[in-house]
Amino acid sequence: MRCFNLRRAWCFFLSFLIFSVGGCLLAGAQLPRVSITLMPDVPYEKVFGHYVLYGRFGAYGGFIQKQSSRTVQIPAVVEGKPAAQIKMFIGAPGCRMATLDIPIQNLSDTQESFSCSPVPTVTLEGQISPASLLRNKDTTVSVDYMAGWACGFFELADCMVPQISFGTVKPDGNGFFKIELPDSSGDPIAADGHGTELQVILREAKSYNIVAFLAPESESLRTAGGNLRISSFYPQNLGFVARREK
């Protein structure tokens with residue numbers, strides 16, 4: 001009887017060992033990655049982007065975070081299930097954004113690269129009216145790119161529009177500000193349309209609290225949502241007022 005118990009314990013130990021080793025090997029086989037090499041002309045520490053993985057788990061999205069090297073690595077597994085496809089867009093200051101649609105096969109790593117196609121800049125000179133909107137506070141004006149086209153690209157019916165910071169500047173005491181922005185008007189994937197626009201926000205500098213969303217006074221440069229249209233040219237001293245929320 002004792003021998004039987006020892007034999008059973010030994011068999012249990014061997015079974016546990018085989019299961020554990022097999023599980024580790026399986027887990028290792030189910031961890032493919034998508035690696036994006038950032039070429040030397042890309043300011044890798046400022047790269048940005050969004051991605052969506054597709055597979056038996058459905059769709060799972062994420063952000064490309066601030067990078068410390070020239071390789072972006074995205075695990076292509078969600079809830080232990082491997083992804084079959086990844087869609088993403090990636091960009092960097094001074095570079096045109098790129099879209100990628102990559103099949104992921106055979107649980108293997110996928111390699112791609114991103115190089116910088118220089119994009120021109122456009123100057124936005126504005127004036128906030130009335131100047132009392134500044135409330136004699138230390139404020140900043142931020143300009144965010146609203147990538148309305150991305151929801152269609154990712155084929156998501158319920159999608160929060162990706163928002164990318166294009167820069168921040170301090171207005172003077174009279175509400176004047178000037179900022180250089182990427183000119184996205186000639187970019188086929190980033191041009192105006194499908195909710196793609198620039199959101200201008202007046203914020204408190206220290207707390208970053210929103211004072212007001214700003215809308216251009218010019219109707220030709222104002223989108224249906226009250227934001228700024230993407231253009232290759234803006235007139236000097238373009239007036240901005242507090243946007244009326246619907």
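**Entry 1: Asp 183**

I started with Asp 183, which counts as buried because its relative accessibility is 11%; buried means under 20% relative accessible area, exposed over 50%, and partly exposed in between, with a 1.4 Å probe and protein chains only. Before going on, I noted that this is a predicted model, where local features need pLDDT of at least 70, side-chain atom pairs count only at pLDDT 80 or more, and totals for chains, interfaces and linings use all residues. Residues are numbered from 1 along each chain as its sequence is written, and side-chain values use heavy atoms, with hydrogens and water left out.

Asp 183 sits in the loop between S12 and S13. Helices (H or I, at least four residues) and strands (E, at least two) are DSSP runs, numbered from the N terminus. I then listed what Asp 183 touches, leaving out residues up to four places away in sequence: Val 119, Pro 120, Thr 121, Val 122, Ser 231 and Ser 232. Contact here means heavy atoms within 4.5 Å. I also looked up Arg 96: it is 87 residues from Asp 183 along the chain, and their C-alpha atoms are separated by 9.3 Å.

**Entry 2: the cavity**

Asp 183 turned up again in the lining of the largest cavity, together with Val 122, Tyr 145, Phe 166, Pro 182, Ser 184, Leu 198, Ile 230, Ser 231 and Tyr 234. For the terms: on a 1 Å grid over the protein atoms alone, a cavity is a set of points where a 1.4 Å probe fits but cannot get out, a pocket is an open set with protein on both sides within 12 Å along at least five of seven lines, and lining residues have an atom within 4 Å of a point. The largest cavity has a volume of about 40 Å³, and the count comes to one cavity of 30 Å³ or more. Grid points are joined across faces, edges and corners, and a volume is the space filled by probe spheres set on the points.

I sorted the cavity lining by class and got seven nonpolar, two polar and one charged residues. Ala, Val, Leu, Ile, Met, Phe, Trp, Tyr, Cys and Pro count as nonpolar, Asp, Glu, Lys and Arg as charged, and the others, Gly among them, as polar.

How much volume does the largest pocket have? I read about 300 Å³. It is lined by 14 residues, and the closest to its centre are His 50, Gly 61, Phe 63, Cys 159 and Met 160. Strands S2 (48-55) and S3 (58-64) are the elements that give two or more residues to this lining. By class, the lining of the largest pocket divides into nine nonpolar, four polar and one charged.

The second largest pocket holds about 180 Å³ of space. Of its 14 lining residues, Phe 48, Ala 92, Cys 95, Phe 166 and Pro 182 are the closest to its centre. Its lining has nine nonpolar, three polar and two charged residues.

**Entry 3: the seven-stranded sheet**

Next I traced an open sheet of seven strands, in the order S11-S10-S13-S14-S15-S9-S12 and with mixed pairing. Strands S11 (163-169) and S12 (176-182) are its edges, each pairing on one side only. The twist averages 35 degrees from one strand to the next; axes are lines fitted to C-alpha atoms, for helices over the stretch in contact, and angles run from 0 to 180 degrees between N-to-C directions.

Two strands pair if DSSP finds at least two bridges between them. Strand S9 (residues 121-128) and S12 pair in the antiparallel sense over seven bridges, and Phe 176 in S12 is the bridge partner of Gln 127.

I also checked Gln 199, in strand S13 (residues 197-204). Buried or exposed, going by the 10% relative accessibility of Gln 199? Gln 199 counts as buried. Its contacts, again leaving out residues up to four places away in sequence, are Ser 142, Val 143, Asp 144, Met 146, Gln 163, Phe 213, Asn 227 and Arg 243.

**Entry 4: the three-stranded sheet**

Another open sheet has three strands in the order S4-S1-S8, with mixed pairing. S4 and S8 are the edge strands, and the twist averages 20 degrees from one strand to the next. Strand S1 (residues 33-38) pairs with S4 in the antiparallel sense over five bridges, and with strand S8 (residues 110-114) in the parallel sense, also over five bridges. Ser 35 has Gln 73 as its bridge partner in S4 and stands opposite Gln 111 in S8. Ile 36 stands opposite Val 72 in S4.
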